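These are my notebook entries on one protein model. I set down what I looked up, entry by entry.

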Amino acid sequence: MENNLVQKQNGVVSTERNVTDGVLTRVNQLTESRELVLPKNYSPENALKFAYLELKASNLLGTDKDALANALLNMCVQGLSPQKKQCYFINYGGKVGLMRSYHGDRAVAKLSGLVKEIQAYIIYQGDEVNISYEEETNFLQVEHKTKFENWHNPIVGAYAVAVMPDGSKRYDLMTIERIRKSWNMSSNKSNNKLQSEFETEACQRTVTRHLVKNLFNQSTDESLVINNVVENDNYVDSQTPTTEETKYDESQVLEAQIEETGSITPKVVEEEKPIQNHKPTQQDVINARLGIEPDKNKVDF
């Protein structure tokens, strides 16, 4: 179901002289009526300015105006900033939709008041993991112990943990097989290569999104933020990105992941070594791995 938040609130933003001005006007109306409480230090003006620049650079300003206005308004209602790589815009058959990054999922979960904090962790082969269920609530509990040397081992799973307002914790645990299955079910197959090369960050993003969506869907709170998140996500999940925007989507995901984690470690692909003009010895192999240039004057007898 397409998100029609703008139309529901009277006045179609697409008729405004400038789509960002129209969205800002609506945001101000929502905040003045106390229907919307924005995060402290969040500037919808700045967020809209950066969003406009990204949309312009990606040639998305010419897409459907109502969908564009909805995406921008969703961004402001959820308190997201494209400058901080918390969200990005995807072209779905000529209609722009808003997609949150991993960092955006964490930000909107805290803004909603449903959680105090949320983090995601990777489980490597060799880690010790114990799971149990609370007797009263039947909620999943996870105990995880890892070692630094395990961080080079294959990933076997990931989990996200949310600290609730009352101090209790909610977990979501996924095996690597389940995570990869969710990637394969995604409407955007172009991200499969990216998820493979940056598996750690992609796993964190997937398990965090899974937990956030469950928390929002299970919530009985009828706040504007929660309703907007659920409606927006349902719309995005039902769409398929257009082919011409695939490259844009993939680059935005990568930029967001780098911004969130501070560093990113892709799979190492060794450069092809030049063919030597002599039969390589064991020492030559060692030197090649260390990056030591071969002796060009060396002659084999």
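**Entry 1. Two loop residues.** I began with Asn138, which is found in the loop between strand 4 (128-133) and strand 5 (140-145). Helices (H or I, at least four residues) and strands (E, at least two) are DSSP runs, numbered from the N terminus. The model is a predicted one, in which local features need pLDDT of at least 70 and side-chain atom pairs count only at pLDDT 80 or more, while totals for chains, interfaces and linings use all residues. Residues are numbered from 1 along each chain as its sequence is written, and side-chain values use heavy atoms, with hydrogens and water left out.

I noted that phi of Asn138 is near 65°, a positive value in a residue other than glycine. Most residues other than glycine have a negative phi. Asn138 is exposed, with a relative accessible area of 55%. Here buried means under 20% relative accessible area, exposed over 50%, and partly exposed in between (1.4 Å probe, protein chains only).

I then turned to Lys85, in the loop between helix 4 and strand 1 (87-92). Lys85 is not a glycine, yet its phi is positive, at about 60°. Is Lys85 buried or exposed? Lys85 counts as buried, because its relative accessibility is 19% and the cut-off is under 20%.

**Entry 2. The chain as a whole.** I recorded eleven helices and seven strands in the protein chain. The protein chain has 301 residues, of which 44% count as buried. Its accessible surface is about 17300 Å², with 49% belonging to carbon and sulfur atoms; the areas come from the Shrake-Rupley method with a 1.4 Å probe, and for residues only the protein chains shown count as cover. Of the contacts (heavy atoms within 4.5 Å) with a separation of 6 or more, 67% are between residues 24 or more positions apart.

**Entry 3. Nonpolar cores.** A nonpolar core is a set of buried Ala, Val, Leu, Ile, Met, Phe, Trp, Tyr and Cys residues joined through side-chain atoms within 4.5 Å. The largest one has 56 residues, and Leu72, Met75 and Phe89 have the most contacts inside it. Helix 4 (residues 65-77) supplies the largest share of this core, eight residues. I also found a second, separate core of six residues, including Ile123, Leu140, Tyr159 and Tyr171.

Entry 4. Which residues of helix 6 (residues 176-185) are buried? They are Ile176, Ile179 and Trp183. Seen down the axis of helix 6, these residues fall within an arc of 60°, so they line one face of the helix; the arc is that of the directions from the helix axis to the C-beta atoms. An α-helix has 3.6 residues a turn, so residues three or four places apart point the same way. On the other side of helix 6, I found Glu177, Lys181 and Met185 exposed.

The axes of helix 6 and helix 8 (residues 199-218) come within 10 Å and cross at roughly 85°. That makes helix 6 roughly perpendicular to helix 8, a term for angles of 65 to 115 degrees. Axes are lines fitted to C-alpha atoms, for helices over the stretch in contact, and angles run from 0 to 180 degrees between N-to-C directions. Among the residues making the contact are Ile176, Ile179 and Trp183 of helix 6 and Ala202, Cys203 and His210 of helix 8.

Cys203, in helix 8, counts as buried, at 0% relative accessibility. Leaving aside neighbours within four places in sequence, Cys203 is in contact with Ile122, Ile155, Ala158, Ile176, Ile179 and Trp183. Cys203 and Trp183 are 20 residues apart in sequence and 9.7 Å apart C-alpha to C-alpha.

Methods:
Angles under 35 degrees count as roughly parallel, over 145 as roughly antiparallel, 65 to 115 as roughly perpendicular and the rest as oblique.
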